[in-house]
Amino acid sequence: MKYFKMEEFECRCCGKVRFTENIEALVENVLDPAREKLGMAISVNSGFRCPRHNAAVGGEPQSQHMVGEAADISPLKSGSKLEQLVTVIVEQGKYDQVILYPTFVHVSWKKNGTNRRQILKKSGNGYQRLSKG
Ligand SMILES: [Zn+2]
């Protein structure tokens with residue numbers, strides 16, 4: 001946890017943060033290295049979500065946000081390319097899923113279990129696969 005604070009991952013509706021060991025693993029394996037290489041601050045738009053908040057924002061029922069394995073992030077500097085952030089994460093090589101959305105990047109990391117190494121792009125109602133994964 002070099003560049004991020006646990007408070008940034010608190011649920012946006014209730015301020016709770018759970019599964020902090022998973023969040024720490026996400027930061028140490030994915031977010032801190034990405035921040036270092038990108039050379040600019042990264043904002044956490046959504047970190048941990050309680051089940052109620054996850055439902056409220058239309059998250060998937062089994063969303064990794066509910067177990068601290070996922071974050072939606074974007075470079076803090078406006079005008080920065082999200083594609084660049086995706087590239088940096090992929091080049092680091094440690095990720096479970098990286099999903100490029102129009103206004104943010106969803107990234108996940110499994111502390112326990114197999115990381116799928118999927119790169120996807122949100123497209124209409126579905127996802128377009130950018131990697132073999
Ligand atoms: Zn909540």
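Modeller: Four donors count as tetrahedral if all angles lie between 85 and 135 degrees. Donors are N, O and S atoms within 2.8 Å of the metal (3.2 Å for Na, K and Ca), and water is not among the atoms, so sites may look incomplete. This is a predicted model, in which local features need pLDDT of at least 70, side-chain atom pairs count only at pLDDT 80 or more, and totals for chains, interfaces and linings use all residues. Residues are numbered from 1 along each chain as its sequence is written, and side-chain values use heavy atoms, with hydrogens and water left out.

Colleague: Which residues coordinate the zinc ion?
Modeller: The SG atoms of C11, C13, C14 and C50 do, at 2.3 to 2.4 Å. Their spacing in sequence is C-x1-C-C-x35-C.

Colleague: And why is the arrangement around the zinc ion tetrahedral?
Modeller: Because the angles subtended by its four donor atoms are 100 to 117°.

Colleague: Is C11 buried or exposed?
Modeller: C11 is buried (under 20% relative accessible area, where exposed is over 50% and partly exposed in between, with a 1.4 Å probe and protein chains only), because its relative accessibility is 4%. C14, at 34%, is partly exposed.

Colleague: Changing topic, which residues touch the most other members of the largest nonpolar core?
Modeller: F9, L31, I73, I89 and V105, out of 31 residues. Such a core is a set of buried Ala, Val, Leu, Ile, Met, Phe, Trp, Tyr and Cys residues joined through side-chain atoms within 4.5 Å.

Conventions. Tetrahedral: all angles 85-135°; square planar, octahedral: opposite > 155°, others 65-115°.
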